[in-house]
Amino acid sequence: MTTAASPTRAEADRPADSGPRTLAEDLRGRTDAALGALLRARPDLTTPVPVDLTQLATRATTRASIARALERLDRFTLQVVDAAVVLPDGFAAARLSPLVGAAPEALARAVANLREQALLWGPDGALRVVRTVRDLVGASPAGLGPTLAGALAATAPSRLQELLADLDLGSTHDAVSAIAAVTDLCTDPVRLESLLAQAPEAAREVLDKLVWGPPTGSVRGADRPVRADAARTPVEWLLARALLVPAGPDAVVLPREIALHLRGGRVHRTLEPTPPELPVRGHDPQAVDNLAAGSAFTAVRRVEDLLEAWSTGGPSVLRAGGLGMREFKRAAVQLDAPEAEVALWLELAYAMGLVAGDGEPDEQWLPTPAYDTWRRTPVGTRWAALAGTWLETTRVPALVGSRDDKDRPIGALGLQVDRTAAPEVRRRILATLAALPPGSATDADSLLAHLTWHQPIRAARLPRELFRAMLVEAELLGITGRGALAGYARTLVEGRVYEAGDALTPLLPEPLNHVLLQADLTAVAPGPLVLDLAHELHLAADVESTGGATVYRFTEESVRRALDAGRTAGDLHHLLATHSRTPVPQPLSYLVDDVARRHGRIRVGTAAAFLRCDDDALLGELLADRRAAGLRLRRLAPTVLAAESAPDGVLEKLRAMGFAPVAESATGDLVLTRPDTKRTPPRSAPPRVAGEPPAPSEALLGAAVTAIRAGDAAATGRAADDGAERDGEPVELPRTSAAETLLALQAAHAERRAVWIGHVTREGRATQHIVVPLRLEGGYVTAHEQGTGEIHTYPLHRITGVAEAG
């Protein structure tokens, strides 16, 4: 990296001990490491990379950037900010100590942190608070009111002279000196304490109510002048001596100097230099991992079960987007799971791009092709994708079912469940648990208090219920077990998501290729099944219960579903005989044969619809059945009936009546229905709501600092050389050969270093630029120009020479 840029002439003429006059000058005097630390702590400053240090200083003082920086500060550092705002600019760092209290080491760290983030700047003897910080903290930092000078600014000169007289101070000739005299009295601890000792008990009680804020109180006629000898109430006694100051016709305010004296010179009542202690309870780490691994496996299965159920046709997409509450509750019944848990699986599947609207006029929620890809990966990899998505998504499943500001229910998969603070809170939860010994857990209240200390402003925006819900979600996902972070999940904290999946894999049960058939027409899968067997069983049977073992039940409807999908009775008998560890029960064999015998005897085609059957007696029975009256059937031929309903409706009605019809095409072929083929067109995952900018990499930080330094060198160089340019004497660049030019550019590219180049345009005009080479290929150099902050491409044969910048 380059060294700091040379000072301009104006800076060089200033005395060396006067310190920087602006934040830009302060930044200019920092090392490259310090600039990198600033950009690392405030990543929003790098998007895009500032052109020079002046632009960096300007961006660092914007309201949005300062607000983000304050949100990242811990409670004690914010207490130091309040103390710094109380002091006038140019204060010595030592003046903060009595305002904050004890903890000198914590105070030194907080001041260093504020200076690193450019919220404080200047030397130790003359620190300044960025003006935007003062604006955001407000006029009442830590519940303190305005200064005496500010509170008395609107007071009439005659009233100021009355105050001087009542306080036994000599009269003055102007309001400024009168206010200064009152301020001197109230900032002298001995004289102020003597004045307060004369106050009646009731007046001290009034001050005690205002001292820790809010500093204002309501009193009728507060702006009426009252002399000390005419005061009849405690408030009038205080107003007559400037211990309270009118803040309007019916309000009084306690001046800052008085409040600080009554607080014992401290800005805050309670000092919090360290986070609250976390009570720890220990568990066997292996037991935690085993329990969490079971939850992780269940989480993957829950998402699969949900999307498999929607593969045959999902619920409708609301006109405004999202999933209706009725359909959401139906999904909870299908999964036999609490609604809060179903909301988690839905939102994660949506955030991963596994489910989306199909885009049709009657839009449905359906699995996407990405679901099939995800489904074919190992269980550990599937879980890692779920856990990584949970960490990074701004969607908060716990909001589903709650009500918005207009008292309307918030539905799943809608636009109202995003919260930009959610990813940061989840990462901090895991980071805090990871800092504990393996197998250690803590209670939710203590964990919340600990995290709130680290980022109180941001934590205030996330309700306590949502924080608790995140802990429950981590448990359901298998990231934690018994409240402790699982050993395999520790790499999630470091961003190595798929390494966590690899570490989880040995703890997962091996997929099985067999089931246990029972006489009550059920099959028990004692563990996870291989993909093909699970697919066939879902087709031929219904899931009755899940848990450590999955119970499938065979019914007429489920067997017919398999036959509709093209399976034959022989296929089903082979499936059961091949994959059962127990003999195939006779009732199950009879069920398969009976449904297969009746399957397809009636065929439904398109007229509006027609029914065809070789058994005319069966058609006669159907014509005589009153339950079929709604189909308006009529006989066209001995083996053909016509219906006035659509084929789908006829199929559904006949199946409800106990028949086993099949659909046929216009050519008389069977129409096979494959319930697992409904997918949306290719869909990408929904965009993440913009919140915190991503943390810059070390490579980006180094390149950014280099670019900013070079741009600042160009800016300050132009300022210093204005006279030469006005005289028509531009800086002459040395001419270099083509080989020397290429070598110099390659070296600058490798070191991300800025260089001067001479360039001849197509029109033959000679130009000069300070650039950082980004790419060299094909006879061209692509570079970042420091003067404009733009990216340009220069032909190498038009570059006349290269020299070191600065």
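1. Tyrosine 371 is buried, and tryptophan 374 is buried too. Buried means under 20% relative accessible area, exposed over 50%, and partly exposed in between, with a 1.4 Å probe and protein chains only. Both residues sit in helix H20 (residues 369-375), three residues apart, about one turn of the helix. Helices (H or I, at least four residues) and strands (E, at least two) are DSSP runs, numbered from the N terminus.

2. A note on the basis. This is a predicted model, in which local features need pLDDT of at least 70, side-chain atom pairs count only at pLDDT 80 or more, and totals for chains, interfaces and linings use all residues. Residues are numbered from 1 along each chain as its sequence is written, and side-chain values use heavy atoms, with hydrogens and water left out.

3. Aromatic pairs. The structure holds three of them. Rings of Phe, Tyr and Trp (its six-membered ring) pair if their centres lie within 6.5 Å; planes under 30 degrees apart count as stacked, over 60 as edge-to-face and the rest as tilted. Tyrosine 371 and tryptophan 374 form a tilted pair, 6.1 Å centre to centre with 35° between the planes. Tryptophan 383 and tyrosine 488 form an edge-to-face pair, at 5.5 Å centre to centre and 80° between the planes.

4. What does the pair of tryptophan 383 and tyrosine 488 tie together? Tryptophan 383 lies in helix H21 (residues 379-392) and tyrosine 488 in the loop between strand E11 (484-485) and helix H26 (490-493), so the pair ties together parts that are 105 residues apart in sequence. Tryptophan 383 is buried, with a relative accessible area of 0%. Tyrosine 488 is buried at 4% relative accessibility.

5. Helix packing. Helix H23 (residues 444-454) packs on helix H25 (residues 464-476) at an angle of about 115°, and their axes are 11 Å apart. That makes H23 roughly perpendicular to H25. Angles under 35 degrees count as roughly parallel, over 145 as roughly antiparallel, 65 to 115 as roughly perpendicular and the rest as oblique. Axes are lines fitted to C-alpha atoms, for helices over the stretch in contact, and angles run from 0 to 180 degrees between N-to-C directions.

6. The contact residues of that packing. From H23 come Ala444, Asp445, Leu447, Leu448 and Leu451; they meet Arg464, Phe467, Arg468 and Leu471 in H25. Contact means heavy atoms within 4.5 Å.

7. Backbone points to check by eye. Most residues other than glycine have a negative phi, and most peptide bonds are trans. Threonine 47 and proline 48 are joined by a cis peptide bond, with omega about -10°. Proline 48 is in the loop between helix H3 (32-41) and helix H4 (53-60). Alanine 142 has a positive phi, near 55°. Alanine 142 lies in the loop between helix H9 (131-137) and helix H10 (148-151), and is partly exposed at 23% relative accessible area. Aspartate 407 also has a positive phi, about 65°. Its place is the loop between H21 and helix H22 (422-434).

8. Glycine 658 is in the loop between helix H33 (647-656) and strand E20 (662-663). Glycine 658 counts as partly exposed, at 39% relative accessibility. From glutamate 556, glycine 658 is 102 residues away in sequence and 9.3 Å away in space, C-alpha to C-alpha.

9. Histidine 759 belongs to strand E21 (residues 755-760). At 11% relative accessibility, histidine 759 is buried. Beyond its neighbours within four places in sequence, its contacts include Arg765, His769, Tyr794 and Arg798.
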